[in-house]
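Reader: I am new to this structure. Could you show me how to read it, step by step?

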Amino acid sequence: MIIGIDDTDSRRGGCTTYLCAVLVDELKRYGEVSTPRLVRLNPCIPFKTRGNGAVSFEIKTRNKEKDAEVKEMVKARVSELSELREEETNPGVVFIDNDALNAIVREEKDSKSMLKNFYENAVREVLTIEDAYELISNLHLDYFGLKTKRGIIGALAAASFLVLQKNKPDYYDFTYELMSYRRKERWGMLRLIEETSVWKADAATYPLTWDTVDWGEKKIVFAPHSPCPVLFGIRGDSVDAIYRAYELIDAEPEERKMLFVTNQGTDFHLIRFEGEVAKEKLQDYHSYILNGEVESNPRTIEGGHVVFSISLSEKVLGSIECVAYEPTKGFRDIIRKLRVGDEITVYGSLKKETLNLEKIEVRKLNNVIERNPRCDKCGRTLKSAGRFQGYRCKRCGTFKAEKDKVIVERGIETGLYEVPPVARRHISKPLIRMRMEGADKEIHPSR
Ligand code: ATP
């Protein structure tokens, strides 16, 4: 049986991954429990608590009676550990029991592609709870929810991810995160983590682990600052390296730890236009990869945000305003170096018709500037002789028909640039992962 869970926490406390870790540990006495999955869903969803995460795991018990006991236990734990007093907490649980799972494996009613669409839409689109109920009813799934039950959307998406990925791990790109959880008596208190040990752990395992620290900002980024039960999380591509880093970290005693397979660091939220786009429109709360040409030079506005506009290569889509927000820190220095005519690809989320930048690829630099020609005799700058009438030296009468083209040093190279770890979304792919995959592009990781 596969179990998906979401929306159990609030900003004031709790964490769905913690609830998952507790359940995975407790349910081991009922049967074999898989490595849990942590999926990050659409990062633009307005009612998310923090990172729009949902969890799932598989449990193999001896029989249906045991499955029924497991379900009761999950319902009880979700009811007990959810932050139900908070208006924004609306827990949802989806159970894909063995009969439903077998039907999916046999691809009855095209069920696998329905789950695939649901998961992918949960990461890239905005769904309704009715979308979830429809699929639940089509596939005869069992579910449980409290209050508005909105968490069923995320719960079904996380369960779908696991169905698709469990026998074919590379069905989707994935990474790992090892979460360490605090003892209850310390929840809400300052986290005791020995900083130098974190830098050492990072140095010993980067780039197989990443986003533990931010070198540019000299900050540790692997521990939250909220009152939630998470002590820290180590992210990476290698389980071995993650555990090596973990062993090097000195911190307050933990209650438990749990390894998750995740879609973090994969860029799965980004929609790339392929083929016909005439009917497509860019929509708020969606994330895109878009090609275009810089249309206005970047400018810094109040608050330190840097904005510019690009005309999109897909002409039907028109132009769009892009912004590198102040928290993206040094990334803004790259953006400030862009100029009109540069050919770029932007990666980011659309909010209020503005693309919030996560990454940028400079494909071609406009490193030519045009300026009025100089006089060959006296060296002075020629003046315009009128619209479309060339340039003339007032002193010597020298005439030139066109402006001079001068190559300028831009202080930026072509290739991919990214926001630093302090500003990175959970689901955004660090460039260092692209480099490890051997991408055939120039890559300039923030570190
Ligand atoms: P945390 O990161 O601390 O676990 P969170 O940021 O995951 O918190 P939730 O409390 O889970 O936030 O709230 C997100 C809510 O949005 C859930 O109810 C989930 O079902 C719903 N949701 C997730 N993705 C979508 C989507 N694409 N469309 C509509 N609703 C969604």
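Predicted model: local features only at pLDDT ≥ 70, side-chain atom pairs only at ≥ 80, totals over all residues.

Reader: Which strands pair with S14, and in what sense?

Author: Strands here are DSSP runs of E with at least two residues, numbered from the N terminus, and helices are runs of H or I with at least four. Two strands pair if DSSP finds at least two bridges between them. S13 (residues 270-272) runs parallel to S14, with 3 bridges; Arg272 has Ile289 as its bridge partner in S14. S18 (residues 343-351) pairs with S14 in the antiparallel sense over 8 bridges, and there Ile289 is partnered by Tyr347.

Reader: Which residues come nearest to the ligand?

Author: A residue is near a molecule if one of its heavy atoms lies within 4 Å of it. Of the 23 residues around the ligand, Asp7, Asp9, Thr49, Asn52 and Gly53 come nearest. H6 (151-165) gives the most to this shell, with 3 residues.

Reader: How far is the polar backbone atom of Gly53 from an oxygen atom of the ligand?

Author: A polar contact is a pair of N or O atoms within 3.5 Å; within protein, one must be able to donate a hydrogen and the other to accept it, and residues adjacent in sequence count only if both atoms are side-chain atoms. For Gly53 the distance is 2.6 Å.

Methods
Residues numbered from 1 in each chain as written. Heavy atoms only, no water.
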